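Subject: Structure handover

Hi,

Here is the model we talked about. Please look it over before reading my notes below.

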Amino acid sequence: MMEEFFKVMTPAAVLAMKERFSRVETEAVSLSEALDRLAGADIVSPVDLPGFNRSVMDGYAVAAASTFGASDGSPAFLTIKGSIPMGAVPEFDIRRSEAAAIATGGMLPAGADAVVMKEHANAVSETELEVYKPVAPGGNMVGANEDFEAGGIAIARGTLLRSQEIGLLAGMGLTSVTVYRKPLVGIISTGDEIVTVEESPPPGHIRDMNTYTLAALVRESGGAPVNMGVVPDRYEVLYEALAEAVKDCDAVLVSGGSSVGARDYTKKAITALPDAELLVHGVAMRPGKPTMLARSWHRMVWGIPGQVTSAMVVYMIMVRPFVQHIGGYAGTEPPTVSARIARNVPSVYGRTDFVRVWLEADPSGGRPLAHPVFGKSGLINTMVKADGLVAIDADSEGINKGDAVAVIRF
């Protein structure tokens with residue numbers, strides 16, 4: 001007699017378990033390798049940026065008070081004291097009623113607290129300047145520590161290092177940075193009907209889409225996938241693959257074999273792992289009810305559906321936040337877009353339905369329309385056509401045409 005194995009939990013209850021898993025270690029990488037990595041510690045600026053009072057316009061460095069009241073009909077008359085070459089430290093000060101020619105990026109001399117734009121002034125001689133528009137203190141310049149201040153946190157721990165953060169690190173003179181190590185995520189596909197992508201599947205067999213789909217999702221999550229191969233529906237082989245994976249990886253994904261069936265060995269193999277604790281055995285969501293989560297040696301082990309579309313949805317909603325958490329992300333909420341649903345979508349009370357949708361821009365400039373993508377379970381074309389997912393709450397029996405929805409973007 002088969003064991004009844006669903007004791008479903010809500011998606012929110014499952015996601016709350018992220019904190020049970022520790023983050024991976026940190027490592028130092030060179031600046032050229034830091035793009036799209038996560039800062040492993042708060043990064044404190046060792047210097048002021050830009051480090052000197054700097055012009056952001058071509059024009060004239062002045063004491064702003066010298067220009068107050070200037071107009072086309074009554075210009076302010078200033079004495080041109082000199083010019084400031086790019087990259088040079090000015091050898092003179094600026095006093096009231098004095099000015100110095102300066103280029104964008106040049107260093108303001110002492111006494112100057114603003115820059116008059118070249119278009120708002122006219123040099124009537126080598127030493128005389130007419131200013132036709134006043135400038136406020138701090139105008140057309142940046143202060144020595146206006147960008148970043150020495151000793152302040154420039155980049156917080158868990159921040160994704162984009163091109164702009166890389167530029168900041170270079171500006172601070174840092175040639176290496178501490179980042180979180182990419183979590184290693186082992187991927188095991190199970191099923192006697194699965195063949196490798198290089199093979200031509202005989203009747204009744206399909207190619208292994210899950211390994212490559214899940215590996216791409218892991219990379220998008222900031223992890224490093226480890227292909228553990230295709231495993232047949234035999235307990236001993238599955239257990240050996242799992243035991244090997246938990247030794248070397250921070251997380252393990254087993255796709256297939258997680259639904260009720262006479263040949264379901266996934267639960268048995270997972271719970272037999274060293275120091276194993278089964279945390280989740282069924283989630284109140286569709287697709288994805290047969291999802292499992294266990295812990296072995298403080299590593300997470302997931303059993304997810306074998307249908308590629310279901311496996312993708314479960315990964316995006318359930319697994320990705322966990323992988324991002326152990327990988328050091330400061331926040332793991334998925335990006336969403338506000339939209340309006342294009343038609344009625346029924347649901348079943350007591351479970352969270354994740355509906356695939358494609359987005360259509362509103363010609364009037366309002367919120368886009370979210371069109372449901374319907375299709376039979378397992379058809380990957382429904383994911384290819386979709387732009388994201390809409391969650392229908394478990395306490396709802398559906399959503400109505402025109403309702404506001406949050407689309408979880410792929």
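Two strands count as paired if DSSP finds at least two bridges between them. Strands (E, at least two residues) and helices (H or I, at least four) are DSSP runs, numbered from the N terminus. This is a predicted model: local features need pLDDT of at least 70, side-chain atom pairs count only at pLDDT 80 or more, and totals for chains, interfaces and linings use all residues. Residues are numbered from 1 along each chain as its sequence is written, and side-chain values use heavy atoms, with hydrogens and water left out.

S5 and S6 (residues 98–102) run parallel, joined by five bridges. Ala101 in S6 sits opposite Ser83.

Further along, S26 (residues 388–392) pairs with two strands. With S24 the sense is antiparallel, over five bridges. Phe354 faces Ala391 of S26 there. With S28 the sense is also antiparallel, over three bridges. Gly388 has Arg409 in S28 as its bridge partner. S26 is mostly covered, with four of its five residues buried. Buried means under 20% relative accessible area, exposed over 50%, and partly exposed in between (1.4 Å probe, protein chains only).

**Pocket and cavities**

The search ran on a 1 Å grid over the protein atoms alone. A cavity is a set of points where a 1.4 Å probe fits but cannot get out; a pocket is an open set with protein on both sides within 12 Å along at least five of seven lines. Lining residues have an atom within 4 Å of a point. Points are joined across faces, edges and corners, and a volume is the space filled by probe spheres set on them.

The second largest pocket holds about 470 Å³ of space. It has 23 lining residues, and the closest to its centre are Ile317, Pro321, Thr332, Glu333 and Pro334. Elements giving two or more residues to this lining are H1 (11–15), H6 (308–326), S24 (352–360) and S28 (404–409). H6 gives the largest share, five residues. By type, the lining has 13 nonpolar, four polar and six charged residues. Nonpolar covers Ala, Val, Leu, Ile, Met, Phe, Trp, Tyr, Cys and Pro; charged covers Asp, Glu, Lys and Arg; the others, Gly among them, are polar.

Across the whole structure there are two cavities of 30 Å³ or more. The largest cavity contains about 60 Å³ of space. Among its lining residues are Asp36, Arg37, Tyr180, Arg181 and Lys182. That lining splits into three nonpolar, two polar and four charged.

**Two loop residues**

Thr67 is in the loop between S4 (59–62) and S5 (76–84). Thr67 is buried, at 0% relative accessible area. Beyond neighbours within four places in sequence, its contacts (heavy atoms within 4.5 Å) are Val62, Ala76, Val116, Val131, Lys133, Pro134 and Val135.

Asn145 is in the loop between S10 (141–142) and S11 (153–155). Asn145 is partly exposed, at 36% relative accessibility. Setting aside neighbours within four places in sequence, Asn145 contacts Asp48 and Leu49. Asn145 and Gly51 lie 94 residues apart in sequence, yet 6.1 Å apart in space, C-alpha to C-alpha.

Best regards
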